Amino acid sequence: MTETLEKEITQRIEQIYPELVQTRRKLHQEPELSFYEFQTTSFLVETLHGYGYEVHQPLETGCIAVLKGGKKSDRVIALRADIDALPIQEEGEHKSEFLSRRNGVAHCCGHDVHTSNLLGAAKILKEYKDDIEGTVVLVFQPAEEKLPGGGRLLSESGILQKLGVQEIYGLHTSPYHQPGEVAVKSGPLMARPDEFTITVFGKGGHAAAPHMAVDPVVLSGQLITLLQSVITRHINPTDPAVLTIGKIEGGSAHNVIPEKVEMKGTVRTFDREVAEKIRMQMEQTIKAVTEAAGGSYDFNWDEGYPAVVNDADTTEKMKRVARRLIGVKQVTEIEDPVMAGEDFAFYQEHFPGTFFFLGSGSEESGSVYSWHHPRYNADERAMKTGVLILVGLALDSSDDS
Ligand code: NI
């Protein structure tokens, strides 16, 4: 990408910025839940056709747009945005002009910004088609927020393989970084979030006669403490791992020993094998404790998304492109991975790729709340940087460095 081209594109993004904001707000007012993004999909397909894209719809919602560049090459790069909203009742005066019009559904994770961002990149890339080497694949992915994850369905559908995708990039708004900034790291970036439910069955009875009963409350208490030892005594301390029991429910009165207690929690790791070891050790512990007391158990494990692990080469490329376009100081190196999950991980099981954070936090836009908070907002200026980097990645060719 030449300097003249860089300047031209930066100016073009300034010109289309009002349109990016308008699109973001339109999506924000009409949010749709995971796997139900029908209206959003129609809007995307129509807009992309309008830009002159070839559009595929391998799933019921979401779509994939393909642009063949003017410079012949086998290179195929994919850029991905997620399009779904969350089951949250939205709040927030900073968004009063464009609050969600749908009760209990809101874009409280910034996916409206991601979608508008990628649509902006689509518009500009089409205009600069002749400068593109190879093919650009734009992935508007449904259902990031819900298992099994739209990322999984798309990467397993085979369409990206058929299109010959060689590398993939995705981003997420971040309230922890300023607009104009991006943050990234090579290697593990986001955790693998598995979920579990433990049901401890005892034998109900009178609180005053515990010897006649099997008390699932006492057994649960033992398990809550003992299960922490699965992490500290069975897992290599250099492997990051977290086990949290976030919900416990059982009993009905102060003088009754209940029949059962149910506990729900999550295990966060960066490695399937580590997660599997934790699962097995948890089950052994639960079995031993409940059986020793004459009780029984049910242990249910729901496998979450894999960990987001950034490829070294694509991350190097992303950093090089970003540093050049927005300046070295604006590209932050993340030190510690985040224990939240992301279904971008599924693409990375098939293609080398990089996921990065797009700074969108600012006091003036009220973007000070964490993801999934009812007041979550993203500073829209983030999109100027987002579009620029996505376009830069698509226009970058290996001989640019
Ligand atoms: Ni999200």
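H111 and H172 are both buried in this predicted model.

- H111 belongs to helix α3 (residues 111-127) and H172 to strand β5 (residues 167-174), so the pair links distant parts of the chain, 61 residues apart.

**A residue inside helix α3**
- N117 is another residue you'll find in helix α3.
- N117 counts as buried because its relative accessibility is 0%, and the cut-off for buried is under 20%.
- Leaving out residues up to four places away in sequence, N117 touches L171, L358, M383, G386, V387 and L390.

- Most peptide bonds are trans, and most residues other than glycine have a negative phi.
- L147 and P148 go their own way: a cis peptide bond joins them, with omega at about 5°.
- P148 lies in the loop between β4 (133-141) and α4 (150-157).
- A143 is also placed in the loop between β4 and α4, and its phi is positive, near 50°.
- H372 has a positive phi too, near 70°, and sits in the loop between β16 (353-359) and α10 (382-395).
- Buried or exposed? A143 is buried, with a relative accessible area of 0%, while H372 counts as partly exposed at 38% relative accessibility.

Notes:
Residues numbered from 1 in each chain as written. Predicted model: local features only at pLDDT ≥ 70, side-chain atom pairs only at ≥ 80, totals over all residues. Heavy atoms only, no water. Helix = DSSP H or I, 4+ residues; strand = E, 2+ residues; numbered from the N terminus. Buried < 20%, exposed > 50% of the residue type's maximum accessible area, 1.4 Å probe, protein only. Contact = heavy atoms within 4.5 Å.
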